[in-house]
Amino acid sequence: MIDHPEMYDPKGLPEILLTDLSDIRRSGQHLLGLINDILDLARIEAGRLELNKNPLPLIGLLDEMMGTARGLLKEKPVLLRREYQSPLPSVFADEMRVRQVLLNLIANACKFTSAGEIAIGARAHDDEVVIWVRDTGLGIAEADQARVFRTFEQVGDQDTRLQGGTGLGLAICRWLVEIHGGKMWLQSELGKGSIFFFTLPRIRAETNGAQHDSVSALPLKEQAGREW
């Protein structure tokens with residue numbers, strides 16, 4: 001009804017009706033997200049979450065996530081930065097689940113950052129690829145940082161909690177990363193922003209029986225930030 005109102009009235013639907021329909025759709029999408037999170041949680045806790053792992057090139061996926069972040073930010077005065085360079089080694093992972101992790105981290109960054117910048121980055125390191133989402137948003141107090149990965153935990157003040165959420169997203173992200181054989185952690189300072197990191201096992205090219213690195217591992221502080 002929202003996308004094709006001409007099917008119901010050639011002149012279009014009244015604005016007040018479109019507003020109500022938008023609220024209904026947004027509530028439905030929120031409810032669907034809650035259901036999917038709870039189903040994922042149940043599968044993970046029961047050990048029944050299956051992964052469809054394949055070689056996954058990262059550059060295309062990260063570029064897609066940059067576009068998603070741009071759409072979520074809309075008119076916010078927030079600079080979007082790309083902190084990864086081509087080439088990057090592929091990882092051995094379930095693409096749908098890696099996308100789920102990135103979407104959650106990016107959505108949180110966009111939700112809690114009203115000014116400054118958000119960056120998506122990645123670098124190769126030993127037998128893994130480190131991926132991160134960095135923001136200059138609200139940040140998380142040191143005392144709360146251990147809680148953010150617990151189920152049904154929401155940290156921050158009342159205004160932060162009014163942003164919505166169930167306290168499941170980060171817990172599920174951490175579990176999804178861990179069942180891939182990676183790890184997730186954060187660095188944050190209240191009022192200055194956060195960086196959420198996670199790792200995935202990389203695929204190494206074999207050359208005459210020896211492993212070959214396709215990209216150098218740059219320290220995070222040396223990773224070039226480019227406007228997107």
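Q: How do H3 and H5 pack, in angle and axis distance?
A: This is a predicted model. In it, H3 and helix H5 (residues 169-179) pack at an angle of about 145°. Their axes are 10 Å apart.

Q: Which hand is the crossing of H3 and H5?
A: H3 passes H5 in a left-handed crossing.

Q: Which residues make that contact?
A: From H3, Arg97, Gln100, Val101, Asn104, Leu105 and Asn108. From H5, Gly169, Leu170, Ile172, Cys173, Leu176 and Val177.

Q: How do those residues divide into nonpolar, polar and charged?
A: The contact of H3 with H5 has 7 nonpolar, 4 polar and 1 charged.

Q: How many residues of H5 are buried?
A: 8 of the 11 residues of H5 are buried, and the helix is mostly covered. The buried ones are Gly169, Leu170, Ala171, Ile172, Cys173, Trp175, Leu176 and Val177.

Q: What follows H5?
A: Glycine 181, with a positive phi near 90°.

Q: Now H2 against H3. What are the angle and the axis distance?
A: H2 and helix H3 (residues 95-111) pack at an angle of about 30°, axes 10 Å apart. That makes H2 roughly parallel to H3.

Q: Why does that count as roughly parallel?
A: Because angles under 35 degrees count as roughly parallel, and the angle here is about 30°.

Q: Which hand is the crossing of H2 and H3?
A: Right-handed, as H2 passes H3. H2 puts in Leu61, Leu62, Glu64, Met65, Thr68, Ala69, Leu72 and Leu73. H3 answers with Val98, Arg99, Leu102, Leu103, Ile106, Ala107 and Cys110.

Q: How do the residues of this contact divide?
A: The contact of H2 with H3 has 12 nonpolar, 1 polar and 2 charged.

Q: Where does arginine 70 lie?
A: In helix H2 (residues 58-73). Arginine 70 counts as partly exposed, at 44% relative accessibility.

Q: How far is arginine 70 from isoleucine 118, in sequence and in space?
A: They are 48 residues apart in sequence. C-alpha to C-alpha, the two are 9.9 Å apart.

Q: Switching to strands. How many residues of S5 are buried?
A: 8 of the 8 residues in strand S5 (residues 128-135). Glu128, Val130, Trp132 and Arg134 point one way from S5. Val129, Ile131, Val133 and Asp135 point the other way, and all are buried.

Q: In which sense do S4 and S5 pair, and over how many bridges?
A: Strand S4 (residues 116-125) and S5 pair in the antiparallel sense over 8 bridges. Glycine 121 has tryptophan 132 in S5 as its bridge partner.

Q: How many residues sit between S4 and S5 in the hairpin?
A: 2 residues lie between them. Aspartate 126 is in the turn, with a positive phi of about 50°. Aspartate 126 is not a glycine.

Q: Why single that out?
A: Because most residues other than glycine have a negative phi.

Q: What about lysine 74, and what is its phi?
A: Lysine 74 is not a glycine either, and its phi is positive, about 50°. It is found in the loop between H2 and S2. Lysine 74 is exposed, with a relative accessible area of 69%.

Q: Which residues does the cis peptide bond join?
A: Serine 86 and proline 87, with omega about 5°. Proline 87 lies in the loop between strand S2 (78-83) and strand S3 (91-93).

Q: Back to S5. How many bridges join S5 to S7?
A: 8 bridges, and the two strands run antiparallel. Aspartate 135 stands opposite serine 194 in S7.

Q: And how many bridges join S6 to S7?
A: 6 bridges join S6 to strand S7 (residues 193-201), also antiparallel. Tryptophan 185 stands opposite phenylalanine 197 in S7. S6 and S7 form a hairpin with 3 residues between them. Glycine 191 in that turn has a positive phi of about 85°.

Q: Which side chains of S6 are buried?
A: The side chains alternate along strand S6 (residues 184-189). Met184, Leu186 and Ser188 point to one face and are buried.

Conventions:
Residues are numbered from 1 along each chain as its sequence is written. This is a predicted model: local features need pLDDT of at least 70, side-chain atom pairs count only at pLDDT 80 or more; totals for chains, interfaces and linings use all residues. Side-chain values use heavy atoms; hydrogens and water are left out. Buried means under 20% relative accessible area, exposed over 50%, partly exposed in between (1.4 Å probe, protein chains only). Helices (H or I, at least four residues) and strands (E, at least two) are DSSP runs, numbered from the N terminus. Two strands pair if DSSP finds at least two bridges between them. Axes are lines fitted to C-alpha atoms, for helices over the stretch in contact, and angles run from 0 to 180 degrees between N-to-C directions. Angles under 35 degrees count as roughly parallel, over 145 as roughly antiparallel, 65 to 115 as roughly perpendicular and the rest as oblique. A crossing is left-handed if the near helix is turned anticlockwise from the far one by less than a right angle, and right-handed if clockwise. Contact means heavy atoms within 4.5 Å. Ala, Val, Leu, Ile, Met, Phe, Trp, Tyr, Cys and Pro count as nonpolar, Asp, Glu, Lys and Arg as charged, and the others, Gly among them, as polar.
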